[in-house]
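Here is a short briefing on one part of a protein fold. It covers strand pairing, a crossover and the helix within it.

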Amino acid sequence: MEKKSLIDILGGNRKKIKTDIITFAAVGIALIFLGGAFGRKDEAKEVKAMAAVKEEKTDTLEDRLEVILSKTEGAGKVDVLITYKTGKELVVAQQLSEEDTSTKENAVKGDERDIKSSLKESTYVIMENSDGSQTPLVLKEMEPEIEGVIIVAEGGDSIIVKNNLIAAAQAALGVSTHKIQVLKMKV
């Protein structure tokens, strides 16, 4: 069997085929860059802005815990620090599109070849708010995982107060006791 070059199979002029290949490659590269340039930056900024707003809510968890724990008998003034393994995660809706194309080419000398390609693309689903701004559609919010809790209390030197504060923090946060530390506040 005789080996044939791509140019022989396509049955064309070398210069024209090279020009066509370069043109197709340039158009493909341009489409890739242009496809990523429109809307992607704004969507990413909006997702980050939403995450920052949600993170502010996490800070209030410490404040609420301080208020509750300071009401514990013997605790006195209380300060709370919560550390996290991860930040809050948002699962954003995406629209997936897939396009498959198949082309059958016949060469002058009777050879055939099938060319198959597929294109997959995903974009964020964006909602328009009543004020005209746009935000991505959030499907689920995943709370950050707590790494540890430090409670500094005026009555932190009492074993009973320590045990009560640890039990309350464990119940409120769902954290195991070995991740909670209670210390005496410096007066």
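The points below go from the strands to the helix.

This is a predicted model: local features need pLDDT of at least 70, side-chain atom pairs count only at pLDDT 80 or more, and totals for chains, interfaces and linings use all residues. Residues are numbered from 1 along each chain as its sequence is written, and side-chain values use heavy atoms, without hydrogens and water. Helices (H or I, at least four residues) and strands (E, at least two) are DSSP runs, numbered from the N terminus.

**Strand pairing**
- Two strands pair if DSSP finds at least two bridges between them.
- Strand 1 (residues 78-84) and strand 8 (residues 146-153) run antiparallel, joined by seven bridges.
- Leu 81 has Ile 150 in strand 8 as its bridge partner.
- Strand 8 runs parallel to strand 9 (residues 180-184), with five bridges between them.
- Leu 183 in strand 9 stands opposite Val 152.

**Crossover**
- From strand 8 the chain passes through helix 4 (residues 159-173) to strand 9, a right-handed β-α-β crossover.
- Right-handed means that, with the strands pointing away from the viewer, the path from the first strand over the helix to the second runs clockwise.

**Helix 4**
- Val 161, Leu 165, Ile 166, Ala 169 and Leu 173 of helix 4 are buried (under 20% relative accessible area, 1.4 Å probe, protein chains only).
- Seen down the axis of helix 4, the buried residues fall within an arc of 130°, so they line one face; the arc uses directions from the helix axis to the C-beta atoms.
- Ile 159, Ile 160 and Ala 171, on the other side of helix 4, are exposed (over 50%).
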